[in-house]
Amino acid sequence: MVQFLVEGRELVAEASRDLAMLIARPDDVAALDGCFRAIHTLKGSTGLFDLQPMGAMLHAAEELLAAIRAGRPGHAEDFARVLEAVDQVDRWLDALEGDGALPADADAAGRAIQARMRDAAPALDQAEAQLPAVPDWQLSAAFTGLSGTAIRYTPRVDCYFAGDDPVAIVAATPQLIALSIAPRDAWGELEHYDPFACNLVIEAVSAAPRGEIEAAFRLVADQVELAELTAAEPGAPAGGMTTRRTLRVDAARIDHLGILADELVTAKNGLVDLAIAAEALPGGHTLGQALRSRQAQLDRLVGDLHAAVGKVRLAPLAPLFARFPRLARETAGALGKSVRLELEGQEIEVDKTIVDGLFDPLLHVLRNALDHGVEPVERRRAAGKPEAGLVRVTARAAGDQVVIEVADDGAGIDPARIRNLAVARGVLGRDAADALDDRDAVDLIFVPGLSTATTVNAVSGRGVGMDVVRAAAARLGGKVTLSGEPGRGTIVRFVLPMTMILTKLMVVTCGGERYGLALDSVVETARIAADRLVVMRSRQAFQFRDQVVPLVILRELVGGSSQGALAPRGGAERVVIAWVGGELVGFAVDAIVGRMDAALRPLDGLLSGAPGLAGSTLMPDGSVLLVLDLAELLS
Amino acid sequence: MTVTRDGATIRLQGRCRVEDAEPLASLLHATPGLTVDLGDCEGLHAAVVQALLAFAPKVVGTPSDPVLRDLILPLLAGERQRGQRPI
Amino acid sequence: MIKLLIVDDSALMRRVMGQLFQEAGGYVVEFARDGVEALAKLHAFRPDVVTLDVQMPRMDGLRCLDRIMVERPCAVLMVSSLTADGADATLEALQLGAFDFVPKPDRTVSLALDELAPVLLDKVRAAAASRVPRSHRLAERLRARRAALPAFAPAPPPVIADHPTRPGDLAGAVIIGTSTGGPPALEAVLTALPGSFPWPVLVAQHMPAAFTASLARRLDTICALRVVEVAGPTPLHPGNVYVARGDADMTVSRRAAGPIVLPAPASPAHRWHPSVDRLVASAMAQLPPARLVGVLMTGMGNDGAASMAALRIAGGRTIAEAEETAVVWGMPGELVRMGGAEQVAPLDAIAARLMALAPV
């Protein structure tokens, strides 16, 4: 039973994920197959126990999905009903876990959901068929000759009690070209007139696209009929009819909201300059102070807004991770290997885009770990390792980033082999390959066209290389690296932003360019007199408090220009002291401009491969600010 | 107060909400022949529109709100017997 | 610290409710999976407040409640579904001495709980502060059971249709407002009124929509007066009790034939529904205040206090339930504090006061 509960949860997570995709894209074949399999498996396991209501309900769900797989058109509503059944299973699993039995009302609840699934099919087929060319109601005579979409809205009798205002709803429909309001039933004896019992039928014609009309009526969709009107006059515009079935909030709208919030942040930062300018004016001090205090207020509100928008998009990793156990079992089975999969950190929440975008790259890495990482049983035995390989997929939050690692205890990657392969595939010349240190050599694995598999097989040899994984991580605004030791195993590490959250930046100038540094790593800024600098192991350093801190000339690192000289003797260096990789480092900069909150965007285009850059953001003046990744710069 | 009686005229002023439907219906029922003035009206809840359709008083005044003026008023004023006029 | 016993057969509900109170702080929480376990914990744990699921295996919530009230009376909050069956069971529970009820989430527990949480916390806090039901509840229960016996069958409804009243003909009207603890209090007052009571009685009992029809039906079977839920415009007749529909308001208005009551969409200007304040204010607009009697009985909050105080000033009569009988002396207490209570009477005396005001 314990096993069933664990497996049941996985299957529920899997089916839910696929169903959610299907609700958004009803024609997603892979998702359809996936959730069909999950539900089929669930039903099978149910048979092992005395869980009749669950079995019967799942059977009905399976039949509905089977019909859709067999060619019946599947609609978002169908999948929503199946999802309802899956949710019910989830609640029953709670009950089984808590009490060891299904709740007393399981039978009735299951039947109700079954009935809804059965009813869904035929009714929806009709409703979702192409719009009728002619409305199936008697159209107002006044509407003849109009073209567009005819709307017939019959509000529920008690709709006023529900807070609806049908006239306001209709008035909000875009591009209304005709309207009529009539009593649904005769008014009757006015002595008994009930002012709060809605007795209206509202008909209208709109020239707006179908999607916009549906959006206007989304809250009362069950009370509305729509039909196409074709103009009596040929050639009249029929109105752009785009059919859209779902009226859920479009992810694109949330994205748009996110972008607007980002831009608001940028716009708000412009107030700082304004405040400084105002303060500089003669007598402008008070105005400047007032501006600053307003700016601080706005700062907080915009920060809250930004965080709220970010949270809308947060989703736990759990459903993503929940898909891996079965996939790992299947893969290991196909390879004839025995592998234990451990998952950790699935409660961590990250941006939905990232959760969605991670599945393919993580799956690819996982398959690699099973295929190339974990050795065949004989070799493991020979190496004195346990027969079953161990693959751990872990997620942890690190500041505003999430670190996801896929670690195996397999053979690891031999840098020498990668060098040879790179030479053999013509990626590098022999000299260049030999000049690479082991870490850089291992990193070659991400170069397109390089795969360590010497045989192509069904599991991972699908023409997808680690270069695709790196590209996928980059698209998500993150990075992927690989480490490990020959014989001991491999770790693939994804470092991804957790949200599109605001990063506090310090803006500095170096060699005439402005750069951003993550403020949370900055400890202090200081002026260090040139004569306080010492040379330690051929590097510049200075005494800061009670320790010696290495000094890095930032303009050398970023510009590579000849202006890398230190300040003349007697002068002083502007130094930003920051934590980098667990130690204090001083960065000499030309000037410190200020600080700002910014939404980092991953780099694209020409800069996408540039090392040492964490991202970019838009400055209030419209210019692009490059944000440095100090740790990577130093590595 | 959005429903007020002024002699033989009922004035609907501001935004008329759902609860205004009852006093309006009550007035129209009690005294047939009253005129309803929408000149200062900024919005009509469906329940109020419904009461105006049911009791069919003479409607005067031109509200400034475009939705009211262009979409709703034609249904209430003049030849409204079928309440169906293209706009 | 409030000692809270959560009785629910759903592990999930136990978990989320337990978490809710643990996070709120100030609670010692224990759990029971059914009525049998609950009774076992009753004496060992000695809870101040019990939340009791109505539908449970082995011993259901009503039987459990009955035993609690006999063995160790304490404040019991029923958790019941918003169905017709649930409404009946809940009204019976209130009759048996339950302090109040909260609607049970019927869909996604975690989502519904967000809405439910503040209500649940409020009501448990109020329950903990309420007076512990006393042993005389036993007598009340016996009386309630006897009331259901055929010997107490209601008198036939008075024939009124043949005597239509003319506008303004009503000699008077009673308006009763109540909330937490209201259903048994209404029963106590309304069953004590004779079938010949000459005025209509308008009742605003704060409740969800699903419950008021059950309440009216139940009262109708045990009262000499005819009791109806107001589902549409209804003329007011003497000797009838008009129960406002839940989740909406009820107002008094007028048609050619005379005064009517009708349900109105819940007004956002009022916090509780059916709103006592809105009912009283609308009645004052249609009927001479001097002919109105306002009765404010047990309930949390202050609904009805302001309007009844205004009624008192306008020359109407007002009665507030006395503190010693009110389950929660919120609404009547507020009326007394505002100086709007002409009379303060214990629950069992209210019917007699009404009959003294009305020429029965």
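Analyst: What follows covers the interface of chain C and chain A, then chain B, then the cysteines.

The model is a predicted one. At the interface, 16 residues of chain C are in contact with twelve residues of chain A. The area buried between chain C and chain A comes to about 1,200 Å², and carbon and sulfur atoms give 56% of that area. On the chain C side, helix 1 (11-24) and strand 12 (258-264) each supply at least two of the residues that touch chain A. By residue class, the side of chain C that touches chain A divides into ten nonpolar, five charged and one polar.

Chain B is described here by its own fold. Three helices and seven strands make up its elements, and from the N terminus on they run β-β-β-α-β-β-α-β-α-β. Chain B has 87 residues, of which 52% count as buried. Among its contacts between residues at least 6 apart in sequence, 54% join residues at least 24 apart.

Lys58(B) gives a local example. This residue is found in strand 6 (residues 58-60) of chain B. With a relative accessible area of 57%, Lys58(B) counts as exposed because the cut-off for that class is over 50%. Leaving aside neighbours within four places in sequence, Lys58(B) is in contact with Leu34(B), Thr35(B) and Val36(B). Of these, Leu34(B) is 24 residues from Lys58(B) in sequence, and the two C-alpha atoms are 7.2 Å apart in space.

Over all chains, the structure holds zero disulfides. For Cys41(B), the closest cysteine sulfur is that of Cys16(B), at 4.3 Å, so the pair is too far apart for a bond; the cut-off is 2.5 Å. Cys41(B) is also buried, at 1% relative accessibility. In chain C, Cys223(C) is buried as well, with a relative accessible area of 2%.

Definitions and conventions: Residues numbered from 1 in each chain as written. Chains lettered and ligands numbered in written order. Predicted model: local features only at pLDDT ≥ 70, side-chain atom pairs only at ≥ 80, totals over all residues. Heavy atoms only, no water. Buried < 20%, exposed > 50% of the residue type's maximum accessible area, 1.4 Å probe, protein only. Contact = heavy atoms within 4.5 Å. Buried area = accessible area lost by both parts, 1.4 Å probe. Helix = DSSP H or I, 4+ residues; strand = E, 2+ residues; numbered from the N terminus. Nonpolar A, V, L, I, M, F, W, Y, C, P; charged D, E, K, R; others polar.
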